[in-house]
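I opened this entry to record what I looked up in the structure. My notes go from the whole chain to single residues.

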Amino acid sequence: MGVRNYLVEGVSTAGKTTVATELERRGHHVVHGDRVLAYQGDPVTGEPLPGFHHEHHVWDVARVRELAADRSEPVTFFCGGSRNHAAFVDLFDEVFLLEVDRDTLLERLDARPLDEFGARPEERELVLRVHATREDLPASGTSIDATRPLADVVNEILRLAGVQP
């Protein structure tokens, strides 16, 4: 979708959806990966799987490739997380990793409604483990301190992407 494509990633509650919404509000082109690309599937084969399991939260690789190849927008921000990012991370000009400290993560988890991932005790434990191990995040990218005010976080992403805030 963009001449330049950026991935905004991070653990649950790091602010991916909030950043995406703010980027859209400011008129930027955004793909909400968790809403339009995600499904439950095998992270290696892409085979759809029943139920809901964190480790099966994947993006449709063919669709990501299709969107990234479309050059109708000057810049596109893909926001969200997937367990199969290794299959398409090479398509992005840069990966921005939203980072929060453990205390901020706990505060955000405490504020989650029960119908959002991370609110239930078993989900919370998983989020804390992923935060500590970084096991589900891209191996490299530019760290963004997502504990700061939203405007500052988005301004930094835009600056690093070479876009006027």
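Before reading the fold, I note that helices here are DSSP runs of H or I with at least four residues, strands are DSSP runs of E with at least two, and both are numbered from the N terminus. The model is a predicted one.

**Entry 1. Whole chain.** I first listed the secondary structure and found six helices and seven strands in the protein chain. In sequence order, these elements give the pattern β-α-β-α-β-β-α-β-β-α-α-β-α. I then checked the radius of gyration, which is 15 Å; the globule rule gives 15 Å for 165 residues, so the protein chain is as compact as a globular protein of that length. Along the principal axes, the C-alpha atoms occupy a box of roughly 40 × 40 × 25 Å. I noted that 46% of the 165 residues count as buried. I also looked at contacts between residues at least 6 apart in sequence, of which 69% join residues at least 24 apart.

**Entry 2. Helices H4 and H5.** How do H4 and H5 pack, in angle and in distance between axes? I found an angle of about 160° between helix H4 (residues 102-111) and helix H5 (residues 121-133), and their axes lie 11 Å apart. Because angles over 145 degrees count as roughly antiparallel, I recorded H4 as roughly antiparallel to H5. The crossing of H4 past H5 is right-handed. On the H4 side I listed Arg102, Leu105, Leu106, Leu109 and Asp110, which meet Arg124, Val127, Leu128 and His131 of H5. Sorted by class, this contact comprises five nonpolar, one polar and three charged residues.

**Entry 3. Serine 140.** I located serine 140 in the loop that runs between H5 and strand S7 (142-145). Is serine 140 buried or exposed? Its relative accessible area is 54%, so serine 140 is exposed. Setting aside neighbours within four places in sequence, I found serine 140 in contact with Val95 and Leu97. Leucine 97 is 43 residues away along the chain, yet the C-alpha atoms of serine 140 and leucine 97 are separated by 8.4 Å.

**Entry 4. Helix H6.** Which residues of helix H6 (residues 150-160) are buried? I noted Val153, Val154, Glu156, Ile157 and Leu158. The elements that cover the buried residues of H6 include helix H1 (16-25), strand S5 (73-79), strand S6 (94-99) and S7. After H6 comes glycine 162, for which I recorded a positive phi near 75°.

How values were computed. Residues numbered from 1 in each chain as written. Predicted model: local features only at pLDDT ≥ 70, side-chain atom pairs only at ≥ 80, totals over all residues. Heavy atoms only, no water. Axes fitted to C-alpha atoms, helices over the stretch in contact; angles between N-to-C directions. Parallel < 35°, antiparallel > 145°, perpendicular 65-115°, else oblique. Left-handed = near helix turned anticlockwise from the far one by under 90°. Contact = heavy atoms within 4.5 Å. Nonpolar A, V, L, I, M, F, W, Y, C, P; charged D, E, K, R; others polar. Rg over C-alpha atoms; globule rule 2.2 N^0.38 Å. Buried < 20%, exposed > 50% of the residue type's maximum accessible area, 1.4 Å probe, protein only.
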